[in-house]
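Please keep the sequence and the coordinates open while reading.

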Amino acid sequence: MAKRKSSRPYKDSELNHAMREKLLVTVFMIALALIALAVYLTYINYKDGERYSKYVLDNQQYDSSSLPFKRGDITDRNGTVLAYSSKVYNLILDPKVVLSSEKYKDPTLSALAEYFALSRSDLEGLLASKPDSHYEKLLKGLTQDQISEFNKMLEESEEAIYIRGIWFEEEYVRNYPFDTLACDVVGFASSASVGELGLENYYNEELTGVNGVSYGYVDSDLNLEKTVKPAVDGYNLVTTIDYSVQAVIEEDIRAFNEEFGSDNTAVIVMNPNNGEIIAEASYPVFDLNNPRDMTSIYTVEELNAMDDETMLNSLYTLWNNYCVSSIFEPGSTMKPFTVGAALEEGLVHDGDTYMCDGSEKVLDMTIKCHNIYGHGELTLEQTIMQSCNDALMQIGMKLGADLLAKYQDIFGFGYRTYVDLPGEDAGLTYEASKMDATDVATNSFGQNIEVNMHQLVAGFCSLVNGGYYYQPHLVKRIETSTGEVVKTIRPTLIRQTITEETSALLRKYMQSTVATGTGKRVAVEGYDIGGKTGTAETWALDEDGKNLGYRSITDYVISFIGFAPCDDPQFVIYVVIDNPQVDAVGTAIPVCELSHTIMEDILPLMNVYPDYTDPNATTEEGTTTEATTDATTEATTEATTKATTEETTTAKETETKNNN
Amino acid sequence: MAKNRKRKSKIRFIPQYYDYSLLVAILFLLAFGLVILYSTSAYESRINFGDSSFYFDRQFLYTCIGLASMLLVARFDYHIYLRFAKVAYVVSLILCLLVRFSPLGVTLNGSRRWLGYGNFSFQPAELAKIALIIFIAFLVVQYGSLVKQFEYTFVMLCYTLVLGLAVYWLTDNLSSGLLIIAIGMIMSFISSPNYKWFAIGAGVVLLFIIVYVFFLTTFGEITDTTSFRKIRIIVWRDPISYSDSYGYQTLQGLYAIGSGGLFGKGLGNSIQKNGYIPEAQNDMIFSIVCEELGLFGAICLIFLFGFLIWRLYLIASNAPDLFGSMIAIGIMAHVAVQVIFNIAVVTNVLPNTGVTLPFISYGGTSVIILLAEMGIGLNISSKIRKKKEETEEAL
């Protein structure tokens, strides 16, 4: 009741007229203030909107980042991958971000310690020493597996928001699945865009792609746009190499060198009908995945003893591709070229005979045949079969300096073959005008002229394929990363060297050489193989590798060049052993045996089938026994004559050479 | 007692009239506020608490408590506040004293503003606002026709100043002190028929402020000993010169407003909230509204506040009695002044005072007290119908 009474007077009173008026004034003023503020907001947007938007965009992080391209793969002719790039991640720490708040440091460092086994104290030290840095590479080459757990934790953990300043930089690393296989040919890349040797270097431009970029930009309406320009991956190379053939050859080379050893052992297998190089191996090898590791050829003590320069030189020697960058005197493998040239010029004919008396007097010096007692009377075929120097000198004389030099040009000696490998050495030949009789004589059997293996193989291919000189090449196709063909490298026919008739004769001569001549040891039962051996003394060198000006009696380059089958050669093989550490010094026996092993292994792989034209198995057996006996006799002969083998050089010759 | 209850229940059965427009406006503002608060605070919340909804969860809880208290308060006849008016005023003063001088005072972010025990804490300054509204309304009713004499208005202004300055000094809270003084002045202004003295007073204060600001900006230099309120005034006139220090927040807020454009960057797309405007969920939240929703969104929000004020004006002018009218006026003044101050600060029209945006900014006590005030407003509105019905009955 009391309440009611007391409240009564208030209930009766209401807003009076003045109050209503002032209330209206107040509301009007409030409305005015709100409208004024709305207008002012509009004004700010109108006047400073654009400027302020830019300030705000400055706050936004739209830094661009580079997206790495993938270097192209290198495969063999059947798609076996010889080199590929795989994505890896580098762990990057941004100390400035980590230190931007006390909350970040501890969880971040703990996570690094836990997931990447990094020392906490080291990280503390790094943060203390480089607090303003934005980029510290902590770990390199992490795989997806190695970082996946950390990334998973980042997504799932509650604590993850305090883990700051860690990111992964993507990168590609080069892998060579077969380590040492075709190391000199494939080469290695030291970074995604730098190929160092071999095909990696020669086709660097094709293998290298274009980095992509991811960046933010501000469009005309001042909206932030994020754009990704994807990386363009490098092209893939499909080589002419056959992995199986290459692997078998390398295995044989390795076995030979483990048993005997040599300074260099190199093999090239080429298809004479198109110039494709099917295998190209040289020993010693190195691991492409670890090209600076020389522990395979030097002991730890030796390596420790090396100074930087020696180390570098040793590496260069190791990386040297004997097949293109080394030149040497080919020796008797040159003889078919001389005979071919003479046949082509009509200066000699099949069936002509030559008299070998063990030496030939040229100008005022005597150049001996390897059989110092003389071969006696030889037919043209037999001069090749017996590898007679005396007869070849006579044929060379018939050709004369001009024609000899002309045919050296025709066969490509003294010119780079332009095989698709870097560092090709053009070799050393004489100009016709500077060639004297001694030079003609020695050149005719492959001395006093230096060639690289590709020159000899390419030229030889034309000798046995009917005279067609194809440019040797190692890459048959260039493809995009998705497999579209960019370029197909077709066989390049450079010139006709000799006629089909001459070629057929030479094939026949060399077939006999392997059947019953000096190349007998190469013969593989049931197969029809032709070829020619070569033995050449090398120049004696002093410790620094300087030419001493006389022939070494212990160092030889021995070689065998062959083909199969004889009537339609499917491949040419050239085997070169530089300074073999064998007892039979100065003979071609070791190279014949190695060639035999390789032939035996690769003939089935090259789709060359045994010749069953003679089905009489017993006769075959008998022939084999006979052949073995022959080989032994031959070996003995060669052994006895080894001291004088191709002892053809004189001081005069050295002078001539040096004058060049 | 039994009699009382019976009478009350009788009233309750009369269909309650609520100002549903006001209610809808409030609910809309709350929902809008929560969405914007979540958008604004998620980043900082994640950084500070590892949980992007930390601020949102708490604000949601406060909003629920506030809504409950609003509905509860709306049930109480506002006339009961007549009995508590004096007590509320005195208690508010005592609470302010407790903040300053008792161990219950809690210091957060360098300001001793809260009273608390354990997990519970609240700002007496927020309570003081509603206490003042009720007290001034009570005074107006009590003075009756005497209110026309300026002496009585002066007394009301004095009470206002005492509480306002107490809140400012004792709880270290300039924004609430200013708000209280502004609310008290508006209520006094409306209750008094006088214009002259108010005009003179306003003129003098304005002149003083202009001179003070002029001197401060001309001769004032910011040193280590300069009080932060002086700094704020100096920075207000020239934020660019202090863009890396005191002017940083203001400028970043302006950049946010300016970069919004007509329709903004879209909800959730603010760049500035990501650490560039510190504690954007507090008094700078309006700048994020501008950035994300653009001019359109900002003006819609202003319009919504205008609508709220309009409804409170209608309640004030139609209230059944003077007490109800004065309370509604006080509530209206509270909302209006807070909105205007906040937006003025964000746009750098006024120096930084720390006034929050009603229903939108983060803050527990603020939203609960505001909603309780709205409850009172709703209750007053419910009496309008009753009064009309009575009139109808009389007819």
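**Confidence**

This is a predicted model. Chain A has a mean pLDDT of 83. In that chain, 86% of the residues reach 70 or more. Residues 1-8 of chain A have a pLDDT below 50. Beyond near neighbours in sequence, that stretch has 2 contacts in the model. Residues 614-660 of chain A also stay under 50. For residues 614-660 of chain A, the model has 62 contacts beyond four places in sequence.

**A sheet in chain B**

Chain B holds an open sheet of 3 strands. The strand order is E1-E2-E3, and the pairing is antiparallel. Which strands stand at the edges? They are E1 (105-108) and E3 (120-122) of chain B. Each has a single partner strand, so one side of each is left without a neighbour in the sheet. From one strand to the next, the twist averages 45°.

Strand E2 (residues 111-117) of chain B is joined to E3(B) by 3 bridges. Across from Tyr117(B) stands Phe120(B), in E3(B). Helix H4 (residues 81-101) of chain B lies across E1, E2 and E3 of chain B. The helix runs at about 100° to E2(B).

**A hairpin in chain A**

Strands E14 (residues 359-362) and E15 (residues 365-368) of chain A pair in the antiparallel sense, over 4 bridges. Lys361(A) stands opposite Thr366(A) in E15(A). The hairpin has 2 residues between the strands. Leu363(A) takes a positive phi there, near 50°.

**Glu479(A) and Val486(A)**

Glu479(A) lies in strand E18 (residues 475-479) of chain A, and Val486(A) is found in strand E19 (residues 485-488) of chain A. Is Glu479(A) buried or exposed? Glu479(A) has a relative accessible area of 14%, which is under the 20% limit, so the residue counts as buried. Val486(A) is partly exposed, at 40% relative accessibility.

The side chain of Glu479(A) makes a polar contact with the side chain of Arg477(A), at 3.0 Å. Beyond four places in sequence, the contacts of Glu479(A) include Tyr235(A), Asn236(A) and Val238(A). Val486(A) is also among them. On its side, Val486(A) is in contact with Tyr235(A), Ile478(A), Glu479(A) and Thr480(A), leaving aside neighbours within four places. Val486(A) and Tyr235(A) are 251 residues apart along the chain. Their C-alpha atoms are separated by 8.2 Å.

**Aromatic rings**

A pair of aromatic rings is described by the distance of the centres and the angle of the planes. The count comes to 42 aromatic pairs over all chains.

| Ring pair | Centre distance | Plane angle | Class |
|---|---|---|---|
| Phe189(B) and Phe198(B) | 5.2 Å | 85° | edge-to-face |
| Phe263(B) and Phe296(B) | 5.5 Å | 45° | tilted |

Phe189(B) and Phe198(B) are both buried. Phe263(B) counts as exposed, because its relative accessibility is 55% and the limit is 50%.

The pair of Phe263(B) and Phe296(B) links distant parts of the chain, 33 residues apart. Phe263(B) sits in the loop between helix H10 (248-260) and helix H11 (285-318) of chain B. Phe296(B) is in helix H11 of chain B.

Chain A has a cluster linked by ring pairs. Its members are Phe337(A), Tyr407(A), Phe411(A), Phe413(A), Phe460(A) and Phe563(A).

Methods: Residues are numbered from 1 along each chain as its sequence is written. Chains are lettered from A and ligands numbered from 1 in the order in which they are written. This is a predicted model: local features need pLDDT of at least 70, side-chain atom pairs count only at pLDDT 80 or more; totals for chains, interfaces and linings use all residues. Side-chain values use heavy atoms; hydrogens and water are left out. Two strands pair if DSSP finds at least two bridges between them. Axes are lines fitted to C-alpha atoms, for helices over the stretch in contact, and angles run from 0 to 180 degrees between N-to-C directions. Contact means heavy atoms within 4.5 Å. pLDDT is the predictor's confidence in each residue, from 0 to 100. Buried means under 20% relative accessible area, exposed over 50%, partly exposed in between (1.4 Å probe, protein chains only). A polar contact is a pair of N or O atoms within 3.5 Å; within protein, one must be able to donate a hydrogen and the other to accept it, and residues adjacent in sequence count only if both atoms are side-chain atoms. Rings of Phe, Tyr and Trp (its six-membered ring) pair if their centres lie within 6.5 Å; planes under 30 degrees apart count as stacked, over 60 as edge-to-face and the rest as tilted.
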